[in-house]
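Here are my notes on this model, written for someone opening it for the first time. Keep the viewer to hand and go through the points in order.

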Amino acid sequence: IVLDLVMPGLDGLSVLDEVRRRGSTPVILLSGMRSEADRIRGLDHGADDYLVKPFSLGELEARVRAVLRRAPSDPAPAPDAAPAPHDTQPVRAFGTLEIDRNARQVRLAGELVPLTRREFDLLAFLADHPRRVVGLPELLEQVWQSSVEWQDPNTVKEHIRRLRLKVEADPSSPRLLRTVRGAGFLFEPDGAPTAAPV
């Protein structure tokens, strides 16, 4: 779905909320609003990407292709998708955090953690590369099938922030999804929660 935020009647965020209640259909938001706060708000509501006007038709088409390559309904990975590491398992556990690739589900202390498609892909990618610092350009390329030329790297930072709220015992002092200043992020298996957040 390519969805404009400003429409007559129902606004785009209300439509997006309803789409998310019904499933995980990919959504790209269009808006003339350029502020970081507006982009964050759109992503917080579950958008997969956010495109600021004016933009070219070519850029919109490229973003649609990138989002569709990551859609869970795809029967197979895109031909240009990076191969998964050899040690990738369908279900991996880190403390009480469990990532089930086949079901595309994450559980914490046995409780299902509601994640968007992109949040799941980001967490799974980082978990497949434990204790390795992954920079924003690589995450955009591998998880978003995009690049810093096409997409704001702050998109990655916002998704990391949202993931921490959902899987860290203390999101203000993350132990699992760590920031390496000036370099990127790393997944620290030894920092995995041992109990569900209070």
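1. Start with helix α6, which covers residues 154–167. Its 14 residues reach 20 Å from the first C-alpha to the last, close to the 20 Å expected at 1.5 Å a residue. That expected span is 1.5 Å times one less than the number of residues. Helices here are DSSP runs of H or I with at least four residues, strands are E runs of at least two, and both are numbered from the N terminus.

2. A word on where this comes from: the model is predicted, with local features needing pLDDT of at least 70 and side-chain atom pairs counting only at pLDDT 80 or more, while totals for chains, interfaces and linings use all residues. Residues are numbered from 1 along each chain as its sequence is written, and side-chain values use heavy atoms, with hydrogens and water left out.

3. Back to α6: which of its residues are buried? They are Thr 155, Val 156, Glu 158, His 159, Ile 160, Arg 162, Leu 163, Arg 164 and Val 167. Buried means under 20% relative accessible area, exposed means over 50%, and partly exposed is in between (1.4 Å probe, protein chains only).

4. Two of these deserve a click. His 159, in helix α6, counts as buried at 0% relative accessibility. Setting aside neighbours within four places in sequence, His 159 is in contact (heavy atoms within 4.5 Å) with Leu 43, Arg 118, Glu 119, Leu 122 and Trp 144. Glu 158, also found in α6, is buried with a relative accessible area of 6%. With neighbours within four places again left out, Glu 158 is in contact with Ile 40, Leu 43 and Asp 44.

5. Carry on past the helix to Glu 168, in the loop between α6 and β8 (177–180). Is Glu 168 buried or exposed? It is buried, with a relative accessible area of 4%. The C-alpha atoms of Glu 168 and Ala 192 are 7.9 Å apart, although 24 residues separate the two along the chain.

6. A search of the whole structure turns up 2 cavities of 30 Å³ or more. On a 1 Å grid over the protein atoms alone, a cavity is a set of points where a 1.4 Å probe fits but cannot get out; a pocket is an open set with protein on both sides within 12 Å along at least five of seven lines; and lining residues have an atom within 4 Å of a point. Points are joined across faces, edges and corners, and a volume is the space filled by probe spheres set on them.

7. The largest cavity holds about 40 Å³ of space. Its lining is made up of Asp 48, Asp 49, Arg 63, Ala 66, Val 67, Arg 118, Trp 144, Ser 146 and Gln 151. Helix α3 gives the largest share, 3 residues. By class there are 3 nonpolar, 2 polar and 4 charged residues. Nonpolar here takes in Ala, Val, Leu, Ile, Met, Phe, Trp, Tyr, Cys and Pro; charged is Asp, Glu, Lys and Arg; the others, Gly among them, are polar.

8. The second largest pocket has about 350 Å³ of space. It is lined by 17 residues, and the closest to its centre are Ser 24, Pro 114, Leu 115, Thr 116 and Arg 117. Elements giving two or more residues to this lining are β6 (105–108), β7 (111–113) and α4 (117–128). The lining divides into 7 nonpolar, 5 polar and 5 charged residues.

9. Most residues other than glycine have a negative phi, and most peptide bonds are trans. Lys 53 and Pro 54 are joined by a cis peptide bond, with omega about -5 degrees, and Pro 54 sits in the loop between β3 (49–52) and α3 (57–69). Arg 104, in the loop between β5 (97–100) and β6, has a positive phi of about 50 degrees and is partly exposed at 30% relative accessible area. Ala 109, in the loop between β6 and β7, likewise has a positive phi of about 50 degrees, and is partly exposed at 39%.

10. Finally, the whole chain. It has 6 helices and 9 strands, and 44% of its 198 residues count as buried. Among contacts between residues at least 6 apart in sequence, 52% join residues at least 24 apart.
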